[in-house]
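Colleague: I have a structure open and would like to learn how to read it. Please take me through it one feature at a time.

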Amino acid sequence: MKKLIFSFLMLALMAGGIFLLPSCKQNQAGKAPYKALIVTGQNNHEWKASTPILKQILENSGLFAVEVAQSPEGGKDMSNFKPVFTKYNLVVLDYNGDAWPAETQKNFESYVAGGGGVVVYHAADNAFREWKEYNKIIGLGGWGDRNESDGPYVRWRDGQIVRDTIAGRGGSHGRQHPFRVTTREPEHPIMKGLPANWLHSMDELYSELRGPAENLTVLATAWSDSAKGGTHQHEPILMTVGYGKGRIFHTVIGHAMGDSTQPAMECVGFIVTLQRGAEWAATGNVTQAVPYDFPQFNTESKWSLFRPLEFEEILANLKNYQPGDTRYNLQDLTNYIRNNNDGGEKYAKLETALLRYLQGTGTAASKNFILKELSIHGTDKALPVLKKLEKDEETKEMARFASERITLQYSN
Amino acid sequence: MSEPKKIDRRNFFGKMAVGAGAAITLPYIIPSSALGKDGAVAPSNRVVMGLIGSGSMGTGDMHEFMGKPDVQMVAACDVDKQHRESAKAAMDAKYGNSDARIYSDYREFLAQEKIDAVILALPDQWHGIIAVAAANAKLDIYGQKPLARTIWEGKKIIEAVEKNNVIWQTGSWQRSEAHFHRACELVINGRIGKVSFVEVGLPDGSPTYSAHPVQPVPEGLDWDMWLGPAPSAPYRGVCHWDWRWILDYSGGQLTDWAGHHIDIAHWGLGLDRTGPIEIDARGVYPRDGIFDVPVEYSIHAKYANGIEMHYANARQVPHGMGVCWYGDKGWIHVDRGERLFASDPKILEEKIGDNEIKLYRSLNHTQNLIDCIRSREETITPCQVAHRSISAALLGEISMLTGRKIKWNPDTQEIIDDPMASRLLRRPFRTPWKLEGN
Ligand SMILES: [Zn+2]
């Protein structure tokens, strides 16, 4: 599907005839008000997959111009790895590898203490067990032989957050699966307006993290299901940490895969909480709206391009639809129209695109689906095209359905 | 029993005499229990019934009515051969004969069967057309909820029922349960004070992610007739239950359950013959699979008297399934399971005085229909009330489908200032289907 979209965009751009140009905010990156730095280069994870995606997600917020600080490979000389953190409003940690030089560690500590923003992403909380201040910054960490000497577990029990000092390993996860994320701080700027519960797409559910947990607020938890190899506890998923004047957003989700699909990172819940958490860490506020297709209690939602699709991209995805296929692409179209129908100019553009589609090479089933959408939203402008489609055996019934709905008065 | 007005015309034996005609060639064989011995009801006093739609719901309804000594079940109609034959087998087993008649086309059923009453248990896209035809055939009707797939069809059913002076009962049986009745009487008599807010929890939708490839129509199923007025669609194995998750046939859990809990919410406030004035709804639709009804839904409805109601899938309301009325002196929550809950348990012990509002009382839902067929009185769940229960949900569906807040005039039953949303008050029927008289 991704290929299809890309090739469609390429074609359209070459033809020079694209309309409804992708208005993705990344086009305005030059005007982005804040600067972010992703620290990467070593990880037990696929950092070569995750770092470009994180960069794209942050840039798509329209808020960040993003640079990448890539460390030497593992085992190589680290002495010259000295990112200048203070040039940035935000430092995003996608790093789990060799120790940084002492000077870099000190610079990072003073950057955060002095009011810098930090995002701790997934396995970054596996890093640097021995670096005391780092662990205060991430709040909770896992693996690297962490245990009760590193700090308590932090869990949601009986309606509150509990710090549990019981002995045990730090860091585990069961089998990957989609899981439900539950908001625990609905009034926090990062969480405000998000559903109380939402279904995160297939991912590792980090459990048994332990650490100093000072100035730590758990924003959201997830039930770590023992049937999936989990801990039978509500484990922290999204957190904030205070360190000096610095603000830290810690997200444990978003495991990157080695192959082409990235369910955890495509999840709209991961993307949007990352964007909101990044803005909050950088500024203390969140100005971004929650998108209409945020996942819900029982409903996953993914952005295959790590951003919402443009209308033309959605239409391109419909072309091969046959009855009995999944409605995935159809629902994208329905949702787009429903949430962008202003009853005016904006809708008129959508209708023009729909009518053009109806006269193109898409399958009859996809056209019949669009005819049903037009029966709901369509205007008189659609009628001449519907007339034509009434002459086609494969589309005549739904064309009639649509034109009948558009023209007849039903209120009595 | 008081002298029934219509029963003579519909007398079982009378019909044998005048109505048998050429179509019925076999004589009726009346088992000994039909002769009025041993406390059995004499045939002349029985209500003779048939069934259109003998799937799982229709079969359950058939057994419910067939269990009554004063009902005789004589015919079934279904587009699925297996379903109609198993209905016949059940009737024949019950009466110890082989007389039950079966049909695949409701038009033939209505033309041939000179019965008193009919059970309608059909997928929603068929409700309007067949209910109007059955009323025009002068049959009293037990109609499964929801009343209709669209508000326009609901209005047409009411017109036909009133014009033909037939008795209608909707399958909103919760009204005949003592604890629902009790909850509504407490609320309507002010035991929780002035009510300002009501929460209605309906079942959560369950997304089905499995693929449903197009496949051959099963032997004995008339798929085109099953679709009826709904748009043509290839058979994808979705017919006998899962049709409820496709908008061409149903509005999902929301419209399935409006006739239960929204119906009760209205009843407790005396709002069951009117409707909201403003509806703002949001639905979440499945992104995988072939089903397109909302799996999560949340409808905020304002009524002219200032009351606000929130209809949503149960996870989105604090008390979960059921109805919770909030007044300035407390709240009452009712759901299935015979127990009421209240902010203060003492509320539930309150007596309703002689001079207070007494709601229609029925202790046995199906018996209430049989009683009303004889008395010609209105049932506990007439179509006019069922129409308002489902209208509230259908307006929510329109708001979800358009993505807009809807303004509604419950008196004229018109959407205000939104011609596009108004279109969704009705669905075009596939050729050649029409609602009789339209
Ligand atoms: Zn991982």
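Modeller: Let's begin in a loop: Lys138(B) sits between helix H5 (127-136) and S5 of chain B. Helices (H or I, at least four residues) and strands (E, at least two) are DSSP runs, numbered from the N terminus. This is a predicted model, in which local features need pLDDT of at least 70 and side-chain atom pairs count only at pLDDT 80 or more, while totals for chains, interfaces and linings use all residues. Residues are numbered from 1 along each chain as its sequence is written, chains are lettered from A and ligands numbered from 1 in the order in which they are written, and side-chain values use heavy atoms, leaving out hydrogens and water.

Colleague: What is the phi of Lys138(B)?

Modeller: Lys138(B) has a positive phi of about 65°, although it is not a glycine. Glu338(B) is also not a glycine and has a positive phi, of about 70°; this residue lies in the loop between strand S12 (330-334) and S13 of chain B.

Colleague: Is Glu338(B) buried or exposed?

Modeller: The cut-offs are under 20% relative accessible area for buried, over 50% for exposed and partly exposed in between (1.4 Å probe, protein chains only). Glu338(B), at 63% relative accessibility, counts as exposed, and Lys138(B), at 36%, counts as partly exposed.

Colleague: Which residues of H7(A) are buried?

Modeller: Helix H7 (residues 311-318) of chain A is mostly covered, with eight of its eight residues buried. Among them are Phe311(A), Glu312(A), Glu313(A) and Leu318(A). Strand S1 (residues 34-40) of chain A has five of its seven residues buried, so it is largely enclosed by the rest of the structure.

Colleague: How many bridges join S1(A) to S2(A)?

Modeller: Two strands pair if DSSP finds at least two bridges between them. S1(A) and strand S2 (residues 64-70) of chain A run parallel and are joined by seven bridges; Lys35(A) has Ala65(A) as its bridge partner. In chain B, strand S9 (residues 296-302) and strand S10 (residues 308-313) pair in the antiparallel sense over five bridges, and Ala301(B) is partnered by Met309(B).

Colleague: What is the strand order in the open sheet of chain B?

Modeller: The nine strands follow the order S13-S12-S11-S7-S10-S9-S8-S14-S15, with mixed pairing. At the edges are strand S13 (340-342) and strand S15 (414-415), each pairing on one side only.

Colleague: Where are the cis peptide bonds in chain B?

Modeller: One joins Lys145(B) and Pro146(B), with omega about -10°, and Pro146(B) is in the loop between strand S5 (140-143) and helix H6 (151-164). Another joins Thr431(B) and Pro432(B), with omega about 5°; Pro432(B) lies in the segment after helix H12 (419-423) of chain B.

Colleague: How many residues of chain B are there, and what share counts as buried?

Modeller: Chain B has 438 residues, of which 63% count as buried, while chain A has 412 residues with 58% buried. Chain A comes to 12 helices and 11 strands, and chain B has 12 helices and 15 strands. A contact means heavy atoms within 4.5 Å. Among chain B contacts between residues at least 6 apart in sequence, 72% join residues at least 24 apart. For chain A the figure is 68%.
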